[in-house]
Amino acid sequence: MTFSTPDPVWPVLVLAAIQFGDALLCLRPVRFIAECFEAVRWPRRLWWLMPVIKFAATAGLIAGLWIPYLAALTCAALIGYFVAAVGMHVAARDLGRNLFVNATGMLAICIAVPLVAFWA
């Protein structure tokens with residue numbers, strides 16, 4: 001078991017692609033993302049942070065293919081991000097699609113990636 005660099009790399013690349021696509025969708029939030037932000041009462045003045053965070057995650061995942069521990073650290077940060085997102089949805093009583101498809105689905109993916117890429 002090593003956390004140095006991922007092996008296989010494909011799960012990290014898939015997660016990077018998902019984060020990149022999500023970042024693009026957050027630049028000018030598409031309807032379902034805007035509704036998600038509004039449902040958890042994420043202040044509109046902070047919406048600009050979301051693509052920054054997601055592009056940074058993309059960069060961390062890709063750079064982590066060569067920089068030891070960076071992909072594992074980025075996966076851990078994404079797990080923390082989506083645990084917080086799940087908590088925000090629960091606190092806001094947004095217990096529908098946003099919680100179960102968006103936040104919980106992404107949390108599951110972010111947990112699965114290090115399991116496959118670092119512990120397989």
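This is a predicted model: local features need pLDDT of at least 70, side-chain atom pairs count only at pLDDT 80 or more; totals for chains, interfaces and linings use all residues.
Helices here are DSSP runs of H or I with at least four residues, numbered from the N terminus.

Tyr69 sits in the loop between H3 and H4. Its phi is positive, about 75°, although Tyr69 is not a glycine. The other detail comes before H1, in the segment that holds Pro8. There the peptide bond from Asp7 to Pro8 is cis, with omega near 10°. As background, most residues other than glycine have a negative phi, and most peptide bonds are trans.

How do H1 and H3 pack? Their axes lie 8 Å apart, at an angle of about 160°. Angles over 145 degrees count as roughly antiparallel, and H1 and H3 are therefore roughly antiparallel to each other. The crossing in which H1 passes H3 is left-handed. On the H1 side, the contact is made by Val12, Leu15, Ala16, Gln19, Phe20, Asp22, Ala23, Leu24, Cys26 and Leu27. On the H3 side, the partners are Met50, Pro51, Lys54, Phe55, Ala57, Thr58, Leu61 and Ile62. Sorted by class, this contact of H1 with H3 has 14 nonpolar, 2 polar and 2 charged residues.

H1 also packs against H5, at an angle of about 155° and with the axes 8 Å apart. That angle makes H1 roughly antiparallel to H5, and the crossing of H1 and H5 is left-handed. From H1, the contact draws on Trp10, Pro11, Val12, Leu15, Ile18 and Gln19. From H5 come Met106, Ile109, Cys110, Val113, Val116 and Ala117. The residues of this contact of H1 with H5 divide into 11 nonpolar, 1 polar and no charged.

H5 has another partner in H4. Helix H4 covers residues 70-91 and helix H5 covers residues 97-119. The two pack at an angle of about 160°, and their axes are 9 Å apart. H4 and H5 are therefore roughly antiparallel to each other, and H4 passes H5 in a left-handed crossing. H4 brings Ala71, Ala72, Cys75, Leu78, Ile79, Phe82, Val83, Ala85, Val86, His89 and Val90 to the meeting. H5 answers with Asn98, Leu99, Ala103, Thr104, Met106, Leu107, Cys110, Ile111, Val113, Pro114 and Phe118. By class, the contact of H4 with H5 has 19 nonpolar, 3 polar and no charged residues.

The largest pocket holds about 460 Å³ of space. Which residues are closest to its centre? Of the 22 residues that line the largest pocket, they are Cys36, Phe37, Lys54, Tyr81 and Phe82. Two of these names have come up already: Lys54 takes part in the contact of H3 with H1, and Phe82 in that of H4 with H5.

Where does the rest of the lining come from? H1 (10-27), H2 (31-39), H3 (49-63), H4 and H5 each supply at least two residues of the lining of the largest pocket. The largest share comes from H4, with 6 residues. In terms of class, the lining of the largest pocket divides into 17 nonpolar, 3 polar and 2 charged residues.

Terms used: Residues are numbered from 1 along each chain as its sequence is written. Side-chain values use heavy atoms; hydrogens and water are left out. Axes are lines fitted to C-alpha atoms, for helices over the stretch in contact, and angles run from 0 to 180 degrees between N-to-C directions. Angles under 35 degrees count as roughly parallel, over 145 as roughly antiparallel, 65 to 115 as roughly perpendicular and the rest as oblique. A crossing is left-handed if the near helix is turned anticlockwise from the far one by less than a right angle, and right-handed if clockwise. Contact means heavy atoms within 4.5 Å. Ala, Val, Leu, Ile, Met, Phe, Trp, Tyr, Cys and Pro count as nonpolar, Asp, Glu, Lys and Arg as charged, and the others, Gly among them, as polar. On a 1 Å grid over the protein atoms alone, a cavity is a set of points where a 1.4 Å probe fits but cannot get out, and a pocket is an open set with protein on both sides within 12 Å along at least five of seven lines; lining residues have an atom within 4 Å of a point. Grid points are joined across faces, edges and corners, and a volume is the space filled by probe spheres set on the points.
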